[in-house]
Amino acid sequence: MNKNKNKRQQGFTLIELLVVLAIIGLLAGLVGPQVMKHLGGAKTKAARVQIEDLAGALDMYKMDVGRYPSSEEGLQSLVEKPANARSWNGPYLRKNKIPQDPWIYDYHYVSPGEHGRFDLFSLGSDNAAGGEGEDMDINSWE
């Protein structure tokens, strides 16, 4: 009879399980938003790094060709030789592919730019001009 009593006492009660689930829910509710906030900041930092890398590749293109690619040629001229670029020595990107921003949108390139030799920018997670936080525009001139 003593063996049967020990077997019944080995599991968790429903109340104990509910308490543990409530604690896990509270922790997820408190920690989850903080993690998501940092994830958004990481994407913004990644976009800034990619823009700097693309700007460096554009500078190398200018050293070889003597000018920056036109807006019509775009960033594609970093991986494919434009028809009128005689001294092109590319591809200027390691993967022979134009990267997309962390939100899977294409980077925007304008040459000559309004803010410098060229304007290179991402419109953020909403892919619309302006915004704050993760929706903020990331550009090469600031």
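Select Leu14, Leu18, Val20, Leu21 and Ile24: together they make a nonpolar surface patch with about 510 Å² of accessible area. A patch here takes residues with over 30% relative accessible area and no salt bridge, joining nonpolar side chains (Val, Leu, Ile, Met, Phe, Trp, Tyr) within 5 Å and like charges within 9 Å. A salt bridge is a side-chain nitrogen of Lys or Arg within 4 Å of a carboxyl oxygen of Asp or Glu. Areas are Shrake-Rupley values with a 1.4 Å probe, and for residues only the protein chains shown count as cover.

The model is predicted: local features need pLDDT of at least 70 and side-chain atom pairs pLDDT 80 or more, while totals for chains, interfaces and linings use all residues. Residues are numbered from 1 along each chain as its sequence is written, and side-chain values use heavy atoms, without hydrogens and water.

Next, pick valine 20 alone. Valine 20 lies in helix α2 and counts as partly exposed because its relative accessibility is 45% (buried is under 20%, exposed over 50%, partly exposed in between; 1.4 Å probe, protein chains only).

Move along to glutamate 52, also in helix α2, residues 14–65 (helices are DSSP runs of H or I, at least four residues, and strands runs of E, at least two, numbered from the N terminus). Glutamate 52 is exposed because its relative accessibility is 51%. Its C-alpha atom is 9.3 Å from that of asparagine 139, 87 residues apart along the chain.

Now select the open sheet, three antiparallel strands in the order β1-β2-β3. Its edge strands, each pairing on one side only, are β1 (108–110) and β3 (138–139). Pairing takes at least two DSSP bridges between two strands; β1 and β2 (residues 119–122) have 3. Finish at valine 110, opposite aspartate 119 in β2.
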